[in-house]
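Hi,

Here is the structure I said I'd pass on.

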Amino acid sequence: MAASPHLVVFTGSGISAESGIKTFRASDGLWENHPVEDVATPQAWQRNPQQVLDFYNQRREQIRRAKPNAAHKALAALEQGGFSVSIITQNIDDLHERAGSRHVLHLHGEILKARSSIDGRMRYPLPKGGIELGNVCDKGSQLRPDVVWFGESVPLFEDACELVSQADFLLVVGTSLAVMPAASLLSYIDYDTPCALVDPEADSLSPPGVLAINTTAGEGVPALVNRWKQQGNLLLS
């Protein structure tokens with residue numbers, strides 16, 4: 001019996017934005033009206049941990065209220081239909097999981113978890129509430145958001161590269177391909193592996209050899225998934 005086609009999906013803020021989650025916009029350097037340097041860097045954490053915790057506690061509640069959209073649901077449905085689907089996301093929300101996807105790698109961490117300030121392996125789920133000053137890990141260190149801040153390394157990048165190298169088709173959704181090192185993932189696919197980018201600005205964002213699909217995630221992803229389910233493969237021809 002042949003192995004099921006392996007779709008690797010690389011998602012960015014565009015897919016979550018359609019669920020109402022506001023995202024960092026590099027054009028003005030602000031995230032929810034905050035300079036990124038004040039809320040999303042190790043230096044900000046050292047200067048004013050309370051401000052950083054308050055910021056992420058507010059983002060966390062926003063994400064809890066959000067719901068998976070048609071793109072999230074379509075990818076989960078493809079997996080449930082027998083395809084092998086691995087998702088690599090730059091997003092720190094849990095919308096892929098809530099839609100039903102079971103294989104999700106969070107490059108930039110997960111906002112619904114806390115982690116130790118001194119031992120990154122110590123993570124704690126946050127089913128409700130947030131993180132406050134004085135909340136500590138089992139080693140007695142202050143808890144911080146389990147997210148990768150600007151200026152920090154991306155621990156799961158090598159795992160993501162390995163996944164991409166195994167893809168029968170790489171689908172990129174809702175990302176400008178501008179944030180490093182994640183943007184370099186495309187260089188790890190086999191030379192003959194097909195790749196498509198779904199984004200309203202795909203024509204201007206797509207690197208050479210990447211099929212541009214100029215539409216929103218909520219429209220483009222379900223259309224591709226329906227086609228693949230009908231065909232039983234990941235071909236676009």
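Below is what I found, starting with the ground rules.

This is a predicted model, so I kept local features to pLDDT of at least 70 and side-chain atom pairs to pLDDT 80 or more, while totals for chains, interfaces and linings use all residues. Residues are numbered from 1 along each chain as its sequence is written, and side-chain values use heavy atoms, leaving out hydrogens and water.

The sheet

Three strands make an open, antiparallel sheet in the order β7-β6-β8. Strands here are DSSP E runs of at least two residues and helices are H or I runs of at least four, both numbered from the N terminus; two strands pair if DSSP finds at least two bridges between them. β7 (123–125) and β8 (143–147) are the edge strands, each with a single partner, so one side of each has no neighbour in the sheet. From one strand to the next, the twist averages 45 degrees. (Axes are lines fitted to C-alpha atoms, for helices over the stretch in contact, and angles run from 0 to 180 degrees between N-to-C directions.)

β6 (residues 109–116) is joined to β7 by three bridges, and the two form a hairpin with six residues between them. A114 has Y124 of β7 as its bridge partner, and R115 stands opposite R123 in β7. Six of the eight residues in β6 are buried, where buried means under 20% relative accessible area, exposed over 50%, and partly exposed in between (1.4 Å probe, protein chains only).

Helix α4 and the annotated site

α4 lies across β6 and β8, running at about 140 degrees to β6. The unreviewed UniProt entry has a "binding site" annotation on Y56 and R59; positions are in the numbering used here, feature names are shortened, and annotations may be inferred rather than shown by experiment. Y56 lies in α4 (residues 49–65), and R59 is in that helix too. Y56 counts as buried because its relative accessibility is 2%, and R59 is buried at 8%.

Helix α5

In α5 (residues 70–80), the buried residues include H72, L75 and L78. The buried residues of α5 pack against β1 (6–11), α1 (13–17), β4 (84–89), α6 (95–99) and α9 (217–231), with contact meaning heavy atoms within 4.5 Å. After α5 comes G82, with a positive phi near 110 degrees.

Cheers
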